[in-house]
Each structure stands twice: as C-alpha cells, then as structure tokens.
Amino acid sequence: MEKGSAQSMKKVKPFPPRRGQIKVKILGNFFRSVSTIASMAIRGVGSSISQGSPSSTAPPSSYTSEGSSEF
C-alpha cells in the first residue's frame, strides 16, 4: 500500500508549452479584444446614423437667394 500512496503524492510536472504557443495565445487574445471593441464602435455609429443624430443635419439658415439686389 505504501507504493500506491507514494505515487499519488508525487506531483506530475506539466510540460512547458511548445515554442511560439504563448505568442499565439497573446496575439489571439489581443486581436479578439480589438475586434470586439471595433464591432461595438461600429454598432454605436450605425445606430446613431439610423436614428438621425442632430449633428448630421444642417442648421437652418436665414439666408435666401431670392432677395433683390441693389446694384
């Protein structure tokens, strides 16, 4: 029984990741977060255009081109 308990107490060391896998994970997480932020920004801009934001309309002008000229 002592052999079984000694083997269960022995910790198994995991191998380190293969070369380049850490960079792949970091870049994958980075691009995933950038694409999420970009899609949220596009959805925000799209909804404000479809709702007609006040900044997209020109302000009313008092100028008329049908006035009389005094030359």
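Modeller: The protein chain exposes about 7700 Å², and carbon and sulfur atoms supply 63% of that area; accessible areas come from the Shrake-Rupley method with a 1.4 Å probe, and for residues only the protein chains shown count as cover. This is a predicted model, in which local features need pLDDT of at least 70 and side-chain atom pairs count only at pLDDT 80 or more, while totals for chains, interfaces and linings use all residues. Residues are numbered from 1 along each chain as its sequence is written, and side-chain values use heavy atoms, leaving out hydrogens and water.

Of the 71 residues of the protein chain, 1% count as buried (under 20% relative accessible area; exposed is over 50%, and partly exposed lies in between). The secondary structure comes to 2 helices and 0 strands, where helices are DSSP runs of H or I with at least four residues, strands are runs of E with at least two, and both are numbered from the N terminus.

The part to examine is Phe30, which lies in helix 2 (residues 21-51). Phe30 counts as partly exposed because its relative accessible area is 47%. The structure holds 1 aromatic pair, formed by Phe30 and Phe31. Phe31 counts as exposed, since its relative accessibility is 54%.

Notes
Buried < 20%, exposed > 50% of the residue type's maximum accessible area, 1.4 Å probe, protein only. Phe/Tyr/Trp six-rings, centres within 6.5 Å; stacked < 30°, edge-to-face > 60°.
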